[in-house]
Amino acid sequence: MCPGITTETNKRLVKEAELFCRKLTLSHYENFITVSFLLPKKLRRAFYAVYAYCRLSDDIGDEHDSTGDAKQEALHRFDVWEQQLDDCFDLSKSAPRHPVFIALREVIEPFHIVKEPFADLLKAFRRDQIQSRYETLEELLGYCRYSANPVGRIILRLFAALEEPFREPTDEQLSWSDSICTGLQLANFWQDVQRDALIGRCYIPLEIAGKYDVSLDGIMSGQRETPQFREMLRELTADARWRLQTGQLLAASLPKRLGRNISLFIGGGLAILNAIENCNYNVLSKRPAVSKLTQCRLLLRTGFSGF
């Protein structure tokens, strides 16, 4: 890993890096349980490393304010982070010293991980520094192509690595995975309209806002919900729901123990959409959240269900 240090030191560094990634993963509350008893133990080490990479990559952009200098600083940090990613996947080089890349290097070969989806995520995070509005739904889906879909493709390869011999995911499986991840990303966007507005971002496409005569500038300046806003969000959540439900085909295409994890992710996204609907789309007044009781019910229902 690193020249000039002993094997025992390398082992210690790997162990510390893996512990760092595990703690980071389990300390972040998402909208549903990130690592459940459904996830095979053989995958957890790799899953922690992947999650830690995604989490810290996202944090690089979010830790800066909206000023021009701060955005330039974030872009510079992304360049440095991506160089470490390049070095991590170049197995002829020593791994970077950051614990995320130490842990990630250890799972590249055993789980047949490729660099492209990790690099794609950085394209989306860089885009957040220079773009805060989207003209059309298609343009927003193009953003999701880099911000969300790579995560599903990474996880799909992790699942495939459990089977012998390893088989590349099919084009159909990749398409279903993209549908799930885009649906999850959209569900988070519509849950967090108010939170995003506070940091100067709005993911509601201008064409859809115009269709319902909703002012995005009004949303950004603290405007409350209107009947038109609620009808607009009804259409947007219905679109996200359709994408998540389409992805159920991926769960059915995998061995049951793996498909159940996919169903859990889908169920988490649907739970967010249900929470939005249950508050009558009033997401500007209060952020709709999925309760821990709902999470537990979802986990139990998925764990004991078949396909």
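**Close-up views of a predicted helical chain**

**View 1. Helix H5 and its buried residues.** Helix H5 is mostly covered, with 11 of its 15 residues buried, where buried means under 20% relative accessible area, exposed over 50% and partly exposed in between, computed with a 1.4 Å probe on protein chains only. The model is predicted, so local features need pLDDT of at least 70 and side-chain atom pairs count only at pLDDT 80 or more, whereas totals for chains, interfaces and linings use all residues. Residues are numbered from 1 along each chain as its sequence is written, and side-chain values use heavy atoms, with hydrogens and water left out. The helices named here are DSSP runs of H or I with at least four residues, strands are E runs of at least two, and both are numbered from the N terminus. Among the buried residues of H5 are Phe-118, Leu-121, Leu-122 and Phe-125, as well as the charged residues Asp-120, Arg-126 and Asp-128. The buried residues of H5 pack against helices H2 (41-62), H3 (68-89), H4 (99-108), H6 (137-147) and H7. From its first C-alpha to its last, H5 reaches 22 Å, close to the 21 Å expected at 1.5 Å a residue, the expected span being 1.5 Å times one less than the number of residues.

**View 2. The packing of H5 on H7.** Helix H5 (residues 116-130) and helix H7 (residues 149-160) pack at an angle of about 165°, and their axes are 8 Å apart. That angle makes H5 roughly antiparallel to H7, since angles over 145 degrees count as roughly antiparallel, under 35 as roughly parallel, 65 to 115 as roughly perpendicular and the rest as oblique. Axes are lines fitted to C-alpha atoms, for helices over the stretch in contact, and the angles run from 0 to 180 degrees between N-to-C directions. The crossing of H5 and H7 is left-handed, a term used if the near helix is turned anticlockwise from the far one by less than a right angle. From H5, Pro-117, Phe-118, Asp-120 and Leu-121 meet Pro-150, Val-151 and Ile-154 of H7, with contact meaning heavy atoms within 4.5 Å. By class, these residues comprise six nonpolar, no polar and one charged; Ala, Val, Leu, Ile, Met, Phe, Trp, Tyr, Cys and Pro count as nonpolar, Asp, Glu, Lys and Arg as charged, and the others, Gly among them, as polar. Glu-116 lies in H5 and is exposed, with a relative accessible area of 53%. Although Glu-116 and Pro-150 are 34 residues apart in sequence, they are 8.2 Å apart in space, C-alpha to C-alpha.

**View 3. The packing of H2 on H3.** Helices H2 and H3 pack at an angle of about 155°, with 8 Å between their axes, and they are therefore roughly antiparallel to each other. Tyr-53, Leu-56, Ser-57, Ile-60 and Gly-61 of H2 make the contact with Ala-74, Arg-77, Phe-78, Trp-81 and Leu-85 of H3. This contact has seven nonpolar, two polar and one charged residues.

**View 4. Helix H12 and its surroundings.** The end C-alpha atoms of helix H12 (residues 227-246) are 29 Å apart, which agrees with the 28 Å that its 20 residues should span at 1.5 Å a residue. Its buried residues include Phe-229, Met-232, Leu-233, Leu-236 and Leu-244, together with Asp-239, Arg-241 and Arg-243. The buried residues of H12 pack against H6, H8 (171-191), H10 (206-211), H11 (216-220), H13 (248-253) and H14 (256-278).

**View 5. Leu-174 in helix H8.** Leu-174 lies in helix H8 and counts as buried at 16% relative accessibility. Leaving aside neighbours within four places in sequence, Leu-174 is in contact with Arg-153, Leu-156 and Pro-169. Leu-174 and Leu-250 are 76 residues apart in sequence and 8.5 Å apart in space, C-alpha to C-alpha.

View 6. Most residues other than glycine have a negative phi, and most peptide bonds are trans. In the loop between H4 and H5, His-112 has a positive phi of about 55° although it is not a glycine, and His-112 is partly exposed, with a relative accessible area of 32%. Tyr-281, in the loop between H14 and helix H15 (292-303), has a positive phi of about 65° and is buried, with a relative accessible area of 4%. A cis peptide bond, with omega about -5°, joins Glu-164 and Pro-165, and Pro-165 is placed in the loop between H7 and H8.
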